Structures are given as C-alpha cells and as structure tokens.
Amino acid sequence: MDYEKVIINTLDSFGVSRSYTGYNYIVYSLQLILEDEERIDCITKTLYLDVAKHFHTTWSCVEKNMRTIVNCVWNSHNTELLDIIFNRSNRNKKPTNKEFFKYMYDYIIQLTHEVQIADRHIAVICPISNAYCEALSAFYIRLSRMME
C-alpha cells in the first residue's frame with residue numbers, strides 16, 4: 001500500500017513547509033517504518049543511516065532536520081490533530097524523534113485501517129480554520145479507496 005499521500009497530507013495539515021529539508025526525510029522515514037515497524041526501535045543505528053544514504057548526507061544532518069520538522073508539528077496551531085495523534089493535552093513537552101515516529105506510525109496505521117474497514121466518517125481538522133473540514137474528510141476517504 002502507498003502511504004506517501006497520507007503522510008504528506010498529515011504533515012500539510014500541520015502547516016509544515018515542504019521547503020524544509022527534513023520534510024522529505026520524515027516522509028521517506030515513515031515509508032521505511034511502514035514497511036518494517038522494527039525500524040522505530042533503532043532509529044539512530046539504522047533509520048538515520050538509511051535516510052542519510054538515500055539523500056547523500058550525514059546521519060547527524062538527518063537527525064537535526066527531522067527535529068526541525070518535529071518542532072514545526074509540535075508548535076502547529078492545529079491543536080485538535082495534535083491531540084488526536086500525540087495526545088498533546090496530556091503531554092508537557094514535545095516528543096523526541098523516536099516518539100514522533102511511533103505516534104505518526106500508529107496514527108497512519110489506524111487511519112488507513114479504519115477507512116479500509118468501512119466508509120466511516122473521518123474527522124479531519126483544517127489547518128487554516130482549525131475546524132472540522134468535510135472536504136478533507138471526503139478527500140481521505142477517496143484517497144483510501146485509491147490506495148486499495
């Protein structure tokens with residue numbers, strides 16, 4: 001299954017700029033993790049190295065640029081989505097890169113699983129108005145059908 005669109009739409013929902021180098025690192029990393037969940041457990045020994053090799057850079061650059069994206073997501077004004085994915089209301093500090101990947105992995109798996117089970121109504125929060133968006137919800141449903 002191709003998860004790239006779900007990952008990109010989720011990051012876009014947080015208002016993360018695609019101009020950040022870490023944006024592509026996060027997308028690629030989540031795709032690798034979705035292929036093999038065990039990559040989450042050894043991000044410094046394998047994931048950062050795999051991403052660095054793919055993008056022809058160093059693991060420390062990968063880690064730093066990913067941290068920038070995690071900061072952007074955590075400081076997003078999309079509080080409803082932050083609560084849904086990261087349970088932000090019960091957390092005082094931003095997640096580490098590893099925690100970020102765990103939460104995002106769980107969210108993407110849950111989202112795609114729920115949509116595949118039935119044509120449920122998916123509550124998606126607009127990154128601009130911070131309110132429920134019927135158009136984005138319909139988009140996710142159509143996207144899931146395309147991915148099947």
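**Ground rules.** I number residues from 1 along each chain as its sequence is written, and I use heavy atoms for side-chain values, leaving out hydrogens and water. As the model is predicted, I ask for pLDDT of at least 70 for local features and 80 or more for side-chain atom pairs, while totals for chains, interfaces and linings use all residues.

**Overall make-up.** I began with the secondary structure and found seven helices and zero strands; helices here are DSSP runs of H or I with at least four residues, strands are E runs of at least two, and both are numbered from the N terminus. Read from the N terminus, the order is α-α-α-α-α-α-α. Next I looked up burial: 43% of the 148 residues count as buried (under 20% relative accessible area, with exposed over 50% and partly exposed in between, using a 1.4 Å probe and protein chains only). The chain exposes about 8100 Å², and carbon and sulfur atoms supply 50% of that area (Shrake-Rupley method, 1.4 Å probe; for residues, only the protein chains shown count as cover). I also checked contacts (heavy atoms within 4.5 Å). Of those with a separation of 6 or more, 58% are between residues 24 or more positions apart.

**Helix α2 against α4.** How do α2 and α4 pack? I get an angle of about 95 degrees, with the axes 8 Å apart. The axes are lines fitted to C-alpha atoms, for helices over the stretch in contact, and angles run from 0 to 180 degrees between N-to-C directions. That makes α2 roughly perpendicular to α4 (65 to 115 degrees; under 35 is roughly parallel, over 145 roughly antiparallel, and the rest oblique). On the α2 side I listed T21, G22, Y23, Y25, I26 and S29, which meet C61, V62, N65, M66 and I69 in α4.

**Two residues of α2.** S29 lies in α2, which spans residues 21-35. Because its relative accessibility is 0%, S29 counts as buried. Beyond its neighbours within four places in sequence, S29 touches L47, V51, M66 and F101. N24 is also found in α2, but at 41% relative accessibility N24 counts as partly exposed.

**A face of α5.** Which residues of α5 are buried? In this helix, residues 79-86, they are L81, L82, I85 and F86. Down the axis of α5 these fall within an arc of 105 degrees, so they line one face of the helix; the arc is that of the directions from the helix axis to the C-beta atoms. Just after α5, N87 has a positive phi of about 50 degrees.

**Aromatic rings.** My search of the whole structure gave seven aromatic pairs (rings of Phe, Tyr and Trp, its six-membered ring, with centres within 6.5 Å; planes under 30 degrees apart are stacked, over 60 edge-to-face, the rest tilted). The W74 and F86 rings have centres 6.2 Å apart and planes at 80 degrees, so this pair is edge-to-face. It links distant parts of the chain, 12 residues apart: W74 in α4 (residues 59-74) and F86 in α5. Both W74 and F86 are buried. F100 and F101 are an edge-to-face pair as well, at 5.8 Å centre to centre and 70 degrees between the planes, and both are buried. Finally, I noted one aromatic cluster, formed by F14, W74, F86, F100, F101 and Y103.
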